[in-house]
Amino acid sequence: MAEENIKLTRAERASLLLLAIGQDRAATVLKNMGPKEVQLVGSTMARIGPISSDMVDNVLEEFISEVKNETGLGMDSDEYIRSMLTNALGADKAGSIIDRILLGANSKGIEQLKWMDTRSIADLIRLEHPQIIAIILSLLDADQSAEILALLPQNMRSDILMRIATMEGVQPAALRELDDIMEKQLTGSDSVKSSAVGGVDAAANILNFSDGSISEMMMEDINESNPDLGQQIQDKMFIFDDLIVIDDRGIQTLLREISTDQLLVALRGVDDELKNKIFGNMSKRAAEMLRDDLEASPPTKLSEVEAAQKDILAIAKKLADSGEISLGGGGDELV
C-alpha cells in the first residue's frame, strides 16, 4: 500500500483527497485556492484514472497525520505566518516575502487580477505609468507577469523590468494609486509600512519565465543602460541547465512531481552532464526507456522544449519554496 502512495504526485494526492471528501466539501476547498491550483487539481482529477480503496486510504491517513501535526490552530494567523517563515527560512530571507504574503492575503484587487486572462490585464495596464505597471507585475506570479510583459509594447519592457529590479518597497501612496487603477481596495491606512515587492530576484524570476528572444532583448537593453544591474539580474536567474546543482535527493523529489512525457520534451538538446544526472536518479529500466525514447522521438519545436523546461523549473521552484529541495549549490542561494 505504501508503494502505491509513493508513486502519486502531490497534485494526485490532493485530487484523491477532494474526490474522497465529497462534492460540497471539495467545492468549499476549491473556493480558497488560487486559479493555477484550481486548474492543476481539476485537470488532475479528470485524468487520474482508476482509483483503488488502498490509494484513498493512504491519502486520507497522510492528510489526517499532517493535520494532527499542525501547530498553528488557535493562534493569530499573521503572527503564526511570520514565526513559521522566520523559523523555516531565517530572518533575512523570510523578511523579503512576509509583507508581500500578508499584503496579498487582504487584497481583493490583486486576487482578482490573478484570475484574469493575461491579455486582459495587459490591455488594462498598458497605458498606466511604468512604475505602476512594475508594482502590479511584482505582485503577480512570475510566469503570469512574464506573459503580460510579452504582450506590452517592446519599447516598454526593459524599462519596466529595470523598475522591478530596482524597486525596494511600495509606499502607501503608491498602493493607493494602485487601488485607483484596479478600483478595489488593495491595502489599508497610511500607517501601513512599505511592502517588500520587486527587486532583482523578482526581475530575474520574470525573465526565467519569458520567451528566450524577449528575455535576451530585455537583458541587452538593461546591460547597455546599467551593466551592474544587468549582472545582478543575470546572477539571480536560474535556467534549466542549473538543475545540475540540485543534489541527488532533490532530483529524485523533482522527478516524482513531473511526468515522463514532460521530461522527454524538456531534455531535448540538454547537456549530457545534466541528462546523466537525471538518468542516474531514475531506476535502471526507466532510464533506459527514457534514453530510447529520446533517440527515437522526432524533432521537437524549440518553443515546446522551452515551455516544458519552464514548467519543470516552476515545479522545482515551488518545491524549493516549500523546503523540499534546495536550488543552491555549495551553500550559495539560487532563486
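What does the accessible surface of the chain come to, and what share of this surface belongs to carbon and sulfur atoms? The accessible surface comes to about 18900 Å², and 49% of it belongs to carbon and sulfur atoms; areas come from the Shrake-Rupley method with a 1.4 Å probe, and for residues only the protein chains shown count as cover.

This is a predicted model, in which local features need pLDDT of at least 70, side-chain atom pairs count only at pLDDT 80 or more, and totals for chains, interfaces and linings use all residues. Residues are numbered from 1 along each chain as its sequence is written, and side-chain values use heavy atoms, with hydrogens and water left out.

**View 1. The chain as a whole.** The secondary structure comprises 21 helices and zero strands; helices (H or I, at least four residues) and strands (E, at least two) are DSSP runs numbered from the N terminus. Of the 335 residues, 39% are buried (buried means under 20% relative accessible area, exposed over 50%, partly exposed in between, with a 1.4 Å probe and protein chains only). Among contacts (heavy atoms within 4.5 Å) with a separation of 6 or more, 75% are between residues 24 or more positions apart.

**View 2. A patch of negative charge on the surface.** The patch gathers Asp261, Glu288, Asp292, Asp293 and Glu295. Helix H20 (residues 284-296) supplies the largest share, four residues. Asp292 lies in helix H20 and is partly exposed, with a relative accessible area of 46%. Patches are made of residues with over 30% relative accessible area and no salt bridge, with like charges joined within 9 Å and nonpolar side chains (Val, Leu, Ile, Met, Phe, Trp, Tyr) within 5 Å. A salt bridge is a side-chain nitrogen of Lys or Arg within 4 Å of a carboxyl oxygen of Asp or Glu. Asp and Glu count as negative, Lys and Arg as positive, and His and the chain ends are not counted. Each charge is placed at NZ of Lys, CZ of Arg, CG of Asp or CD of Glu.

View 3. Gly250, Ile251, Thr253, Leu254 and Leu255 are buried in H17. Their cover includes H18, helix H19 (272-280) and helix H21 (302-321). Glu257 sits in the loop between helix H17 (248-256) and helix H18 (260-266). Glu257 counts as buried because its relative accessibility is 16%. Leaving aside residues up to four places away in sequence, Glu257 touches Thr9, Arg10, Ile315 and Leu319.

**View 4. Glu220 in helix H15.** Glu220 belongs to helix H15 (residues 212-225) and counts as exposed, at 53% relative accessibility. Its C-alpha atom is separated by 8.3 Å from that of Gly230, 10 residues apart along the chain.
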